[in-house]
Amino acid sequence: MPQSKIQYLVLDRRDPDANMARFYALSLEESLFGDVALIREWGRIGTTGKRRIELHENESRAAEALEVWLRRKQRRGYVTRPDRS
C-alpha cells in the first residue's frame, strides 16, 4: 500500500462535564490473503476497548469505508488526535 494515504488514524472525544473520554482508531492493513482490512478500535481512553475487522476486496473500497467511518465519527464530535512527534 502506498505510504501517502491514511494508514492509521486516532480520534478522541472528550467531555469532562459528562465524564466522557473516548477514542476511535481506524487503520488499513493488508491481510494474509491479499484483501485489505479496515480495522476499527474504540472505547474509553486508557482501556483496551473493542475491535472490529472488515475485509474489503481492494484498497480503494477499504479507503472509502474508512472515509465513511471518519465522517460519521466527526459528526458525533470526535476530533483527530494531535500528532505527538
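Guide: Contact here means heavy atoms within 4.5 Å. The model is predicted. Among contacts between residues at least 6 apart in sequence, 39% join residues at least 24 apart.

Visitor: What makes up the chain, read along the sequence?

Guide: The pattern is β-β-β-β-α-β. That is one helix and five strands.

Visitor: In what order do the five strands form the open sheet?

Guide: The order is β4-β3-β2-β1-β5, with antiparallel pairing.

Visitor: Why is one side of β4 and of β5 left without a neighbour in the sheet?

Guide: Strands β4 (50-56) and β5 (79-80) stand at the edges.

Visitor: Which strands does helix α1 touch?

Guide: Helix α1 (residues 59-75) packs on the sheet and touches β1 (8-15), β2, β3 and β4. The direction of α1 makes about 170° with that of β2.

Visitor: Why does Glu 41 count as buried?

Guide: Buried means under 20% relative accessible area. Glu 41 has 18%, so Glu 41 counts as buried. Glu 41 lies in strand β3. Its contacts, not counting residues up to four places away in sequence, include Tyr 8, Phe 23 and Arg 51.

Visitor: What share of the 85 residues is buried?

Guide: Buried residues make up 36% of the chain.

Conventions. Residues numbered from 1 in each chain as written. Predicted model: local features only at pLDDT ≥ 70, side-chain atom pairs only at ≥ 80, totals over all residues. Heavy atoms only, no water. Pairing = 2+ DSSP bridges. Helix = DSSP H or I, 4+ residues; strand = E, 2+ residues; numbered from the N terminus. Axes fitted to C-alpha atoms, helices over the stretch in contact; angles between N-to-C directions. Buried < 20%, exposed > 50% of the residue type's maximum accessible area, 1.4 Å probe, protein only.
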